[in-house]
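Morning, everyone. Let me put the model up, and then I'll walk through it piece by piece.

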Amino acid sequence: MNTFAVYKYTMRKYPINKKFWMSHVIWLITFCVFFSMSVYFQPAYYAFISSIFNTFVIFSLYMVTTKILFPRYYKKGIDYFIISFFTVVAFSIIFLLVEIYIIPEYHNPAHEKPPLFFLFMRFFMTLGLSFFIGTSVSLMQHFTKLKEKEKVLIEEKLETELKLLKAQINPHFIFNALNNIYSLTYMKSQKAPESVLKLSEMLRYVFYDCNKDRVTLSSEIKYIENFNAFQQMKSDYKQNIGLIVDQKIENNKIAPMLLIPFLENAYKYSRIEENEDAFVRIEISGDNETLHFKIENSISQQVKSSHGSGIGIKNVQHRLDIIYPGQHELKIEDLKDIFRVELLLKL
């Protein structure tokens, strides 16, 4: 086994904790800064002892701030700063006593000791800086966690909304389909058995394939073809239904039932099964990165006043905003006698 393989195995078996090592590097740098300043005024041995002590002073209050003070008292507002102030004073007194009674034997005899008030203020200012840094770091970590929680909540909310939207789609389709079958059965049409078979195929797509986040465009197109055939069964004459599909994009994947509400809306407001002059035209094209969907229908005068009042298009607009934020362009034109929808989707 070569050296590189050994290194990869070691890193995989014993991964490096970057956060752990980064904190150690920072404290090492702090010690080096203190030592580089102290060594100018006293011998290396005394500078080393002094640097260790000063680093420990900062480290001690930093850990108390981040591990005890901030987690327990931050939400108490001004009380946090009052408790922290007395903590800094108490630590300053403790380290002052250590400086007076323990550290002197490690001091350079030639180094003159400063007044007690100066020593106290030095500890107080140093510990105050350590408290400020600890609070700032804790605040950043706190807000980072809040953002992460917010992100999780948003994702859960979007997932819930998508499930609710799908739940709205399925009953809406079944309601329309059963109405169609009822009409054929009531008229004792020979097309009734075929309509049940078509409905079975469509329900298989709705209840099985639509549980996935993405389906192939060919599945969605097959559903549209079945829907068109199902619609045609409602009339004795040949309805003016046009469907043009670019077959090279059929393997692309989209969110399920994304195009169907536009189709349902077109049939609903064209009343194509009642008017031989009515029409519904569908075009699906694009490439491996984009989908261009266009559908237009005539508008029946009987429903013109309420055209576009259904929840279908609002539903799909909401889904587009959730699933394809900033990746879609939806254009809706309500003209005099024609209603047109164009959807440009980045896959």
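Start at I100, which lies in helix α4. Helices here are DSSP runs of H or I with at least four residues, strands are runs of E with at least two, and both are numbered from the N terminus. At 23% relative accessibility, I100 counts as partly exposed. The cut-offs: buried is under 20% relative accessible area, exposed is over 50%, and partly exposed is in between, with a 1.4 Å probe and protein chains only. Now look across to L119. I100 and L119 are 19 residues apart along the chain, and their C-alpha atoms are separated by 9.4 Å.

Ground rules, quickly. This is a predicted model, so local features need pLDDT of at least 70 and side-chain atom pairs count only at pLDDT 80 or more, while totals for chains, interfaces and linings use all residues. Residues are numbered from 1 along each chain as its sequence is written, and side-chain values use heavy atoms, with hydrogens and water left out.

Stay on helix α4. I78 lies in that helix too. Is I78 buried or exposed? Exposed, at 58% relative accessibility. I78 belongs to a nonpolar surface patch with F81, I82, F85 and F86. Together they have about 540 Å² of accessible area. Areas come from the Shrake-Rupley method with a 1.4 Å probe; for residues, only the protein chains shown count as cover. A patch takes residues with over 30% relative accessible area and no salt bridge; nonpolar side chains (Val, Leu, Ile, Met, Phe, Trp, Tyr) are joined within 5 Å, like charges within 9 Å.

K67, K75, K145 and K149 gather in a patch of positive charge on the surface. Lys and Arg count as positive, Asp and Glu as negative; His and the chain ends are not counted. The place of a charge is NZ of Lys, CZ of Arg, CG of Asp or CD of Glu. Where does K75 sit? In the loop between α3, residues 44-73, and α4, residues 78-101. K75 counts as exposed because its relative accessibility is 79%.

Next, backbone angles. Most residues other than glycine have a negative phi. M257 is not a glycine, yet its phi is positive, about 55 degrees. M257 is found in the loop between β3 (253-254) and α8 (260-270). Its relative accessibility is 2%, so M257 counts as buried. R271 also has a positive phi, about 50 degrees, and is not a glycine. R271 lies in the loop between α8 and β4, residues 279-286. With a relative accessible area of 26%, R271 is partly exposed.

How many does a search of the whole structure find? The count is 4. The criterion: a side-chain nitrogen of Lys or Arg within 4 Å of a carboxyl oxygen of Asp or Glu. R271 pairs with E274, the closest N and O atoms being 3.5 Å apart. E274 counts as exposed, at 54% relative accessibility.

Now the sheet. Strand β5 (residues 290-298) pairs with strand β7 (residues 338-346) in the antiparallel sense, over 9 bridges. Pairing requires that DSSP finds at least two bridges between the strands. K294 has E342 in β7 as its bridge partner. Strand β6, residues 328-334, pairs with β7 as well, antiparallel, over 7 bridges. A hairpin of 3 residues joins β6 to β7.

Here E333 has R340 in β7 as its bridge partner. The side chains of R340 and E333 also form a salt bridge, with the closest N and O atoms 3.0 Å apart. R340 counts as buried at 16% relative accessibility. E333 is partly exposed, with a relative accessible area of 22%. Salt bridges that share partners join R281, E296, E333 and R340 into one network.

E296 counts as buried, at 12% relative accessibility. R281 is partly exposed, with a relative accessible area of 38%.

That's my tour. Over to you.
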